[in-house]
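We will go from the whole chain to single residues.

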Amino acid sequence: MKIHEYQGKQIFAKYGIPVPKGYPAFTVEEAYEKAKQLIAETGSPVTVVKAQIHAGGRGKGGGVKVAKGGADDAKALAEKILGMQLVTHQTGPEGTKVRRLYIEQGLEMQKEFYLGAVVDRDRRRIVFMASTEGGVEIEKVAAESPEKILTVHVDPATGLMPYQSNQLAFGLGLQAFGKDTPKKFVKFMAALYECFVKEDCSLLEVNPLVVLKNGDVMALDSKINFDDNGEFRHKEWAELQDKDEEDKVELEAKEAGLNYVSLDGNVGCLVNGAGLAMATMDIIKVFGEKDGVSPANFLDVGGGANQEQVTKAFKMILKSDKVKAIFVNIFGGIMKCDVIANGVVAAAKELGLKVPLVVRLEGTNVELGRKILSDSGLAITAATTMADGAQKIVAAVAGGAK
Ligand SMILES: Nc1ncnc2c1ncn2[C@@H]1O[C@H](COP(=O)(O)OP(=O)(O)O)[C@@H](O)[C@H]1O
Ligand SMILES: [Mg+2]
């Protein structure tokens, strides 16, 4: 799960990680009031108006602007940014609508650095990455000059050791900004590590981490992804979630207790179990790649779904415009084939079936399931094996497209 920059900074502040003063704003009027308040509090007329969307690269896309001329200037920028369709290298060409702003104190820095932390799954450790090439172009650094990225792996038994943070501090050349700057960085790192662990993050990024004129270090941006597996112990995440930024269908599925993943292709897939879901994705690609046929999503109804859940699941697939054909691939173990068949028929009768449907059922109550489908009067293509089903679905989409 992702959160906004301002929410991340509120969390940072709880751990004593220095961040600029700032306030979220949901309207232009509010942006104006907050800018006035900030200017009064800081004594500086400079504020920064920042679009809050769950994607990076906002600065380059025109979503981060400095207002040097006081609250009126901030208001004018807020008018431009709020409601804009912000396109960055992380949003895709359609961009994301800006619905929230962050009005922040404008700071003068000596230098911008990159600092990030993720879980390194191969090493099973949290890894910190730091670079002198901070600011907005870290992807380029990683691609073109990876040697400029310093890394430190943290042993979970000891936690982050001060010597490791010191290594990064001197690797970044922070001593050039005064003898206290490396010490401040070490403190910063300790707080960031604590935040990563206690908040169950999967990714934490401070880009840029800056050294201010007085040698202080500060987080000028924040990006936090939470590890969804930790959700059960973080009731507060529910309030941090911004539903506008989430995939609508994925949200609906989650609320119905279904696992749904949205993809870029054209075949809707109703499956049960993660393993069968992966295998189904693979086999569609094997047979469909050359004809441009690939999965549009998969909906895993799991082992214990009831008929209402299956109906809901199938309706969700039917509603997607991307879906040019539907492949139902079910191995009924705990899940019974007749429950699936009844769910599919109920949903198709309610919404109408406008695309080809290929069904492959095996397992418990398979005969009954097949009978329910064949008695339904729906145009269903039956498949015997996964390969047979995949070939039939590819033929249906490729044939229909030509
Ligand atoms: N409070 C601030 N004061 C001064 N400059 C800022 C401030 N916040 C951001 N900036 C500048 O804008 C750039 C982009 O902002 P950032 O928050 O990193 O957004 P993004 O990473 O999405 O582009 C930063 O690298 C920094 O140069
Ligand atoms: Mg940034």
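A residue is buried if 20 or more other C-beta atoms lie within 10 Å of its own, exposed if 12 or fewer, and partly exposed in between, with C-beta atoms placed from the backbone. By that count, 42% of the 402 residues of the protein chain are buried. This is a predicted model, where local features need pLDDT of at least 70, side-chain atom pairs count only at pLDDT 80 or more, and totals for chains, interfaces and linings use all residues. Residues are numbered from 1 along each chain as its sequence is written, while chains are lettered from A and ligands numbered from 1 in the order in which they are written.

**Stop 1: the whole chain**

Show the protein chain as a cartoon. Its C-alpha atoms fill a box of roughly 80 × 50 × 40 Å, taken along the principal axes. The chain holds 13 helices and 18 strands. Helices (H or I, at least four residues) and strands (E, at least two) are DSSP runs, numbered from the N terminus.

Next, think about contacts. Two residues are in contact if their C-beta atoms, placed from the backbone, lie within 7 Å. Among contacts with a separation of 6 or more, 70% join residues 24 or more positions apart.

**Stop 2: the domains**

Colour by domain. The bounds come from an automatic or database domain assignment. Domain 1 covers 1-19 + 108-244, domain 2 covers 21-106, and domain 3 covers 247-401.

How far apart are the centres of domain 1 and domain 2? Taken over C-alpha atoms, 23 Å separate them. Their contact takes 8 residues from domain 1 and 12 residues from domain 2. On the domain 1 side, helix 1 (residues 5-14) gives the largest share, 3 residues. That side divides into 2 nonpolar, 1 polar and 5 charged residues. Here Ala, Val, Leu, Ile, Met, Phe, Trp, Tyr, Cys and Pro count as nonpolar, Asp, Glu, Lys and Arg as charged, and the others, Gly among them, as polar.

**Stop 3: ligand 1**

Select ligand 1 and the residues around it. A residue is near a molecule or strand if its C-beta atom, placed from the backbone, lies within 6 Å of it. There are 19 residues around ligand 1, and V48, R58, G59, V64 and D221 come nearest. Domain 1 and domain 2 each give at least three residues to this shell. Strand 2 (47-51), strand 6 (101-105) and strand 10 (201-212) each supply at least two. The shell divides into 7 nonpolar, 7 polar and 5 charged residues.

**Stop 4: helix 3**

Now select residues 70-81, which form helix 3. This helix has 12 residues and reaches 17 Å from its first C-alpha to its last, close to the 16 Å expected at 1.5 Å a residue. The expected span is 1.5 Å times one less than the number of residues.

Which residues of helix 3 are buried? They are A71, A74, L77, A78 and I81. The buried residues pack against strand 1 (22-25), helix 2 (28-42), strand 2, strand 3 (64-67) and strand 6. Step just past helix 3 to find G83, with a positive phi of about 90°.

**Stop 5**

Zoom in on P208, which is found in strand 10. The peptide bond from N207 to P208 is cis, with omega near 15°. Then go to D200, in the loop between helix 6 (180-198) and strand 10. Phi of D200 is near 55°, a positive value in a residue other than glycine. D200 is partly exposed, because 16 other C-beta atoms lie within 10 Å.

**Stop 5: helix 9 and P295**

Select helix 9 (residues 274-288), whose buried residues are A277, T280, M281, I283, I284 and G288. Is P295 buried or exposed? P295 is buried, because 25 other C-beta atoms lie within 10 Å. Leaving aside neighbours within four places in sequence, P295 is in contact with L263, G265, V267, C269, M281 and I284.

**Last stop: D155**

Finish at D155, in the loop between strand 9 (149-154) and helix 5 (162-171). D155 is exposed, because 11 other C-beta atoms lie within 10 Å.
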